[in-house]
Structure formats: structure tokens, C-alpha cells
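I opened this notebook to record what I looked up in the structure shown below. The entries follow in the order in which I made them.

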Amino acid sequence: MSTENSTAAINKKIFEVSDLKVHFTTSEGVVKAVDGISFHLNEQETLAIVGESGCGKSVTAQTIMGLIKSPPAKIIGTIKFKGENILGSDLVREYRGKKITMVFQEPMASFDPLYTIGYQMTEVIQKHMKMSSSASKDLAMLMLKKVHIPDAERRLNEYPHQMSGGMLQRIMIAISLVTNPEILIADEPTTALDVTIQAQILNLVAELKSEFKTSTIFITHDLGIVSEIADRVVVMYAGKIVEQGTVYGIFKSSLHPYTQGLLKSKIRETKSGEELPYIPGFVPTSYEIPSGCPFHPRCNYAMEICKSEFPKERLIEDRLVSCHLYSQDQ
Amino acid sequence: MVLNLENVKKYFPIRAGVFLQVKGWVRAVENVSLEVDEDSIVGIVGESGCGKTTLAKLIVKVYRPTEGRITFYKDGSRYDITQDLHSIERTFRKDVQMIHQNPFDSLDPRMNIYEIISEPLRAHKIFDNKKEEREYVKELLEIVGLNTNMLERYPHEFSGGQRQRIAIARALALNPRLLVCDEPTSALDVSVQNQIVNLLLKIQKEHKISYLFISHNLDLIRYISKRIYVIYLGRVVEEGFSRDVFSHPLHPYTISLMQSVPGWDPMIRKLGNIKLEGEPPSPINPPSGCPFHPRCPYTQERCKSEEPELLGDVHKVACHFPRI
């Protein structure tokens, strides 16, 4: 859906995360939710962060937004927005909700049930854009129309419980784009929705993205969605990035065994009666992340070195991959 | 045949006011007929709120239908179980088991694995001998691929996939003839889902259990089931053999459902072509005529006033103008 976009993507970094670590000290030990990840976002592109529960993808998003308090969390590394480090600086307050905005997974939980949609929309507009209340109401209405909410005027006076999940997610998207942000972070925005509604929301995001020229970080566990919307992909496993590259490269010839496993587990191409391809074992909990490469207990190619040492990231064609399989031949 | 539903309806009353008078009805299941044969997998697909979980609960006799008839077959006899199970209760409870969607809610956190799996055995007084019972529970654990030394552990020590295996072991304990699986993999991680599906299929083959498999995942339903029912707003809108329905979907809803599933090829992005507008209507205020007409791209006058019947021979469809 954003094919015309991807070809026009300007390869100019707008945002860069370097060696980011987010560790939490708990009574059961240190949880390394995010453990040394580096990636960047180019202007106007859609970057998908893919991974399963506990891989650190949501913590990454929350850290970018400055939503994780430190202390108690230990956050190391840099997060640069247009060249300026915003991690731990007051700048994040200025940017959050204005230049960098976020859409959350649960539309039902993202709104305050006690206030009308109109109030919650104009609150954001007045806070960030210094507009009069009537002007902000007009803008809110215009945004509701942009996300295809019929009868926008009436909807402004209604409460969140009067809307469906799909509609709330549209409104959430309207709120997140009203300040004309430079970066939109969408954390599993369609996971709680049905497939037909999901398709509508994904189309809406693509449509608005080209209108507002927003760079997008899209967090998901669904590779189907990734193939539909992303320009580049970051694959995370147990707090680490195992592979990143262009969406075409990753879907054509993934390098990391975990990415390969995820791509193979597509049900659609398996005939009835044949066994479904799968990755053995289970996703480790954050308390007991395996040593070395965290994927080694589930990996068919695991070697001795994988148990003790996390592989360095290597550049192979369009791809950055962290796997010992590719260490020797370089 | 294991079980048969004829024109089953389930309405829930909406009560309000001082005397809790009935103000309206949630028409969760509206006229569903369905058959489950021995040793077969029946798939039910639909979006949230379409009534698929209510249907599952009607089948396992958690709910009583408002109208219609449910028949249970056992050893050549048939039993009308629409309202009560009567004399067949113990047999029915043994024969029909269920696996729930969320393994984080369906296991009692205060019971260890042995207690969880052996509870149905004790309720039905299967073993008099503790040792035999323990051996049997170990056997079950092996079937579902868990280590037998995990018996004394508690649910919180397991991952989602492992918990779902425990739930499967419990469901198998009484040697059921029908297993109702309500979205058994949708709460699990992607890399673990296929393991559980493989396990369920292996068990089906070895033990000849019938499955009623409920899911919103079309790929999974196509892969796993022989016969499928597509549900929209409590009604069966299309029914047939899985291969027929997927190769030639007839109902516009089935077609748009299939088109809405994201592809896996970044070179062919297809979601941008979808034209399905609107959202599923509420079962409290269903639209007149065909329930899909407000969203259907092919709506005509007739669709607004007259509800189509489910017609056809092997491949049935409830649509005035099916897409042939």
C-alpha cells in the first residue's frame, strides 16, 4: 500500500537509537528488557519492529517516548532525534505528544472514560498548539473527518464507551496526527481488532502517512502486516536485535534462523495433512534469558560458541545480522 | 454423528430500570444448524462478537438455547439435550471437553499440574488406585509433550504454550469424543502457535476425536478443518467443505474476510485494494433483511428487506446474489 512511498523514501536519518539498554532491577533479578540495540529511522519511511511477547519491542517504544522512569529502570545509550540526544533530557517533554506521538495497542484503554472524545482531542490541541477553544474544536472535527468518522460533530460530544474499538483507534490516530508530528510510533495498533477492521486501519495509516509525511515506527508481531506496510524491518528476540534490513530483503532471503523460522511458520502455504513448520521450544521469560545468543536453545544451527557469546552485528548486503553462522566467512 | 444442532437460537435479555424489566435482547446466536461427525474437524470462523464463543458454550451445555434443538448421539442412540442432559449427563460431560482461548485464565493458579489434570479423573471416579491415576497423568503429559517431572509445578511456572499443553492434557483425560477448541492458539506467541496446532492434529489422528475448531484465523481454519461454517452476526452465512469454500467463496462477506488477511509478500501489497467499509452491526439492533447488507458492495433492494436463507447442496450460502 505504501509502495510509491518506499521508492521515494529519502534516506535521511531523522531518528537514531544507539546501544540502548533498558534494565529493571526486580526482586527476582535484573530484567534486561532491552539489551543493547541500535537502529535508525529514515525520513518518511515505515520501520517495522517485529518480535514476540517479551522481546522488548514495546519497552523500546516507551523508552523513546520517555515513558519509562529512570530510576528505577536503568537506561543507557542514546536516542537521537534530528541529531540531538533526547534520552534523559528535558527535550523529550517538548517533543512527546507533539513531534513524536504514539498510538497504543488497546484503543479501549487509551481513552479516559470520563471525558468526551471532543474534550480529549481539544486537550491535546490546546496543550501543544496554543489555539483558542473554538479553533481547536474545528481542528478536531477536521481530523475526525480525515480518519473517516461519519457525523463528526455528534461524535465529539460522545464518550469512549459509545464507540467501537475500530472507531476509537481511528480517533487515536486522529489525535496522534493532529500536531503534525515528525514521528508516529504505533504499538500493535490493530492487534485488538478484527481482520476486516485491521485492514481498514492499516489503509488509513498508509493514507494519512503520505498526506502528513510522517515517519512511522510500527511495532507488531504479525509478519503479514509487516509485508503490507513496512519499508524496513527490525527483528527482535529477547531484548536484542537479531536482524534488520529492507522488507524485500528480509522476505526474500532472511539470514537469521529466528527470522527464517518465523517466515516459514506461515500456515497458508502448508497443505492440509502436512505438519506445520514450527520453531521448537518456547519464548524465554525475561528472567531466564539464555546466555550467549538468546535464540541458541531453539536454533537448529546452534554451535558451541552460540552458548557463550552474543554474535557481533555484521553487514551482509542490505542486512545487519547478529548470528555466528555469518561470523566465520568474513 | 456426535452432535447435531438444528435452528438453534440464543438470546440474552437486556434488563434495566427499577424492576429489571427486559428492555431488549442480544441476539447472539440466530438460527444455526450444524453437524459434528465422528472423527472429523469442523471449523467455525467469524469476527469478534459474531457469536462463535456463545455457540461453543451452547454446545458444551453451559448455556441453554432460546429455541431450536440439540441432539447428542451415543452408541447408536440419540438423546435430546436441548434443555437438560438428564440421564446422559455423566456420559456427555465425559465425551465433550473444551479448550479455552486464554491459558492464563483457564488453569487454577492454586492447583499444581497433577491436581489440574487429575481433577476430571477424580470427579468421574475413574481410578480407585492413586498410583494408577498418577501413571495415567504422566502418560497424558507425555502425549502433550511435557516433561513428567513437572507434575508438582504450578501454572505460573509455565509459558503460554506449555499452559495450553496442560489444558489439552486435562481435556484428554476422560477420553472425549468431541473437543471444542475456542481459539486455542490466538493468545500464544507466533512461534509457538504452530507447535500447538501440530499437537492437536496428531492427537486427533491417534485418538479419533472430533474437533469443533473455532477461530478468526482463516489460514488456520482452512488448514485444519474439513468442513467450515462462516458466521456473521449469529448466522451461518456460508457452509461447505473447506477446500470448496476457500477456492470458491460465494458470500460477499467470506470474500472480504479472505481479502482482509494480510499477504506475506511485500512485492504484492494487497490491503490497499480492499473496499469493505463499516463495522459489524450490533446484535442488539440487527439490520433488516440480510445482516451484511449495510457493508456489502453488491447490495440491492431485496437485500434490505428479505433475509436470505441458507441454501445449497454441499456448499451452502445465505445470499440473494451469491458471487458465482
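**Sheet of chain B**

I found that Ile44(B) stands opposite Ile214(B) in strand 8 of chain B. I noted that strand 3 (residues 41-45) and strand 8 (residues 210-215) of chain B pair in the parallel sense over five bridges; two strands pair if DSSP finds at least two bridges between them. Strands (E, at least two residues) and helices (H or I, at least four) are DSSP runs, numbered from the N terminus. In chain B, seven strands form an open sheet of mixed pairing, in the order 6-7-8-3-9-10-11. Strand 6 (96-99) and strand 11 (316-317) of chain B are the edge strands, each pairing on one side only.

**Basis of the entries**

I recorded that this is a predicted model, in which local features need pLDDT of at least 70 and side-chain atom pairs count only at pLDDT 80 or more, while totals for chains, interfaces and linings use all residues. Residues are numbered from 1 along each chain as its sequence is written, chains are lettered from A and ligands numbered from 1 in the order in which they are written.

**Pro176(B)**

I located Pro176(B) in the loop between helix 5 (160-172) and strand 7 (178-182) of chain B. Leaving aside neighbours within four places in sequence, Pro176(B) is in contact (C-beta atoms, placed from the backbone, within 7 Å) with residues including Lys94(B), Val96(B) and Ile209(B).

**Contact of chains A and B**

I noted that the contact takes 41 residues from chain A and 33 residues from chain B. Helix 8 of chain A gives the most to the side of chain A that touches chain B, with eight residues.

Methods. Two residues are in contact if their C-beta atoms, placed from the backbone, lie within 7 Å.
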